[in-house]
Amino acid sequence: MSYDSDNIFAKILREEIPCIKVYEDDSTLAFMDIMPQANGHTLVIPKEPAVDLLELTDAAAADLILKVKKVARAVKQGLQAEAITIFQLNGAAAGQTVPHIHFHVLPGSIVEAKRHASISADAEVLASYAEKIKSAL
Ligand code: AMP
């Protein structure tokens, strides 16, 4: 599948639409999921344009997983989460709704999580979780 540079995460990377940022470096951006499946649900995306993990270059994939670990540690510590679920969907048939590769970092259990990409959260509430995560980075 060819990369659509008008997808919502590409727009976030170009700062055309806002996000509640928790981490950024030269290759990576992490921000709060606006329809969180649990409090503190965070997304980690590479800046390299790629639809899914299979299309991401090996170098970017290797870098990205280290950033996912870094953010996951901060989510766990910052939110005092007992456990962390990390997941990543490849293709619409897998449930992927945004065609720019991203990892989900979810405090707690996927089994008890809310429905995927369905209920928007209040921006102030998301920002309060972002602050706690940032303080643990
Ligand atoms: P996926 O279905 O794996 O592609 O996940 C996309 C995720 O992006 C979902 O969990 C959505 O809730 C989330 N999402 C969609 N639009 C935005 C946005 N503008 N800012 C932050 N998260 C978003």
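Let me start with His-102, which is found in the loop between β4 and β5 (103-107), where helices (H or I, at least four residues) and strands (E, at least two) are DSSP runs numbered from the N terminus. What you see above is a predicted model, in which local features need a pLDDT of at least 70 and side-chain atom pairs count only at pLDDT 80 or more, while totals for chains, interfaces and linings use all residues. Residues are numbered from 1 along each chain as its sequence is written, and side-chain values use heavy atoms, with hydrogens and water left out.

Is His-102 buried or exposed? At a relative accessibility of 6%, His-102 counts as buried, because buried means under 20% relative accessible area, exposed means over 50%, and partly exposed is what lies in between, with a 1.4 Å probe and protein chains only. A polar atom of the His-102 side chain is 2.6 Å from the backbone oxygen of His-100. This kind of pair is called a polar contact, meaning two N or O atoms within 3.5 Å; within protein, one must be able to donate a hydrogen and the other to accept it, and residues adjacent in sequence count only if both atoms are side-chain atoms.

His-102 also brings us to the ligand. Which residues come nearest to the ligand, out of the 18 around it? They are Asp-33, Thr-97, His-102, His-104 and His-116, and a residue is called near when one of its heavy atoms lies within 4 Å of the molecule or strand in question. Three of these residues can be followed down to single atoms. The side chain of Asp-33 has an N or O atom 2.4 Å from an oxygen atom of the ligand, for His-104 a polar side-chain atom lies 2.8 Å from a ligand oxygen, and for His-116 an N or O atom of the side chain is 2.5 Å from an oxygen of the ligand. Taken alone, the ligand exposes 500 Å², and the protein buries 94% of that, with areas that come from the Shrake-Rupley method and a 1.4 Å probe, and, for residues, with only the protein chains shown counting as cover.

Which elements give two or more residues to the shell around the ligand? They are α1 (8-13) and β2 (28-32), and α1 gives the most, with 3 residues. By type, the shell holds 11 nonpolar residues, 6 polar ones and 1 charged one; here Ala, Val, Leu, Ile, Met, Phe, Trp, Tyr, Cys and Pro count as nonpolar, Asp, Glu, Lys and Arg as charged, and the others, Gly among them, as polar.

Staying with β2 for a moment, Phe-31 is found in that strand and is buried, at 2% relative accessibility. Although Phe-31 and Ala-127 are 96 residues apart along the chain, their C-alpha atoms are separated by 9.8 Å.

Let me return to the loop between β4 and β5, where Gln-88 lies. Gln-88 counts as buried, at 15% relative accessibility, and a polar contact of 2.8 Å joins its side chain to that of Asn-90. Val-98 has its place in the loop between β4 and β5 too, and with 12% relative accessibility Val-98 counts as buried. The C-alpha atom of Val-98 is separated by 9.6 Å from that of Asp-52, while the two residues are 46 apart along the chain.

In strand β3 (residues 42-46) we find Leu-43, which is buried at a relative accessible area of 3%. Pro-46 lies in strand β3 as well, and Pro-46 is buried at 2% relative accessibility. The C-alpha atoms of Leu-43 and Glu-82 are separated by 19 Å, and those of Pro-46 and Glu-82 by 27 Å.

My last topic is the backbone angle phi. Most residues other than glycine have a negative phi. Glu-15, in the loop between α1 and β1 (21-24), has a positive phi near 60°, and Glu-15 is exposed, with a relative accessible area of 63%. Where is Gln-80 found? Gln-80 is in the loop between α2 (58-78) and β4 (84-87), its phi is positive at about 50° although it is not a glycine, and at 66% relative accessibility Gln-80 counts as exposed.
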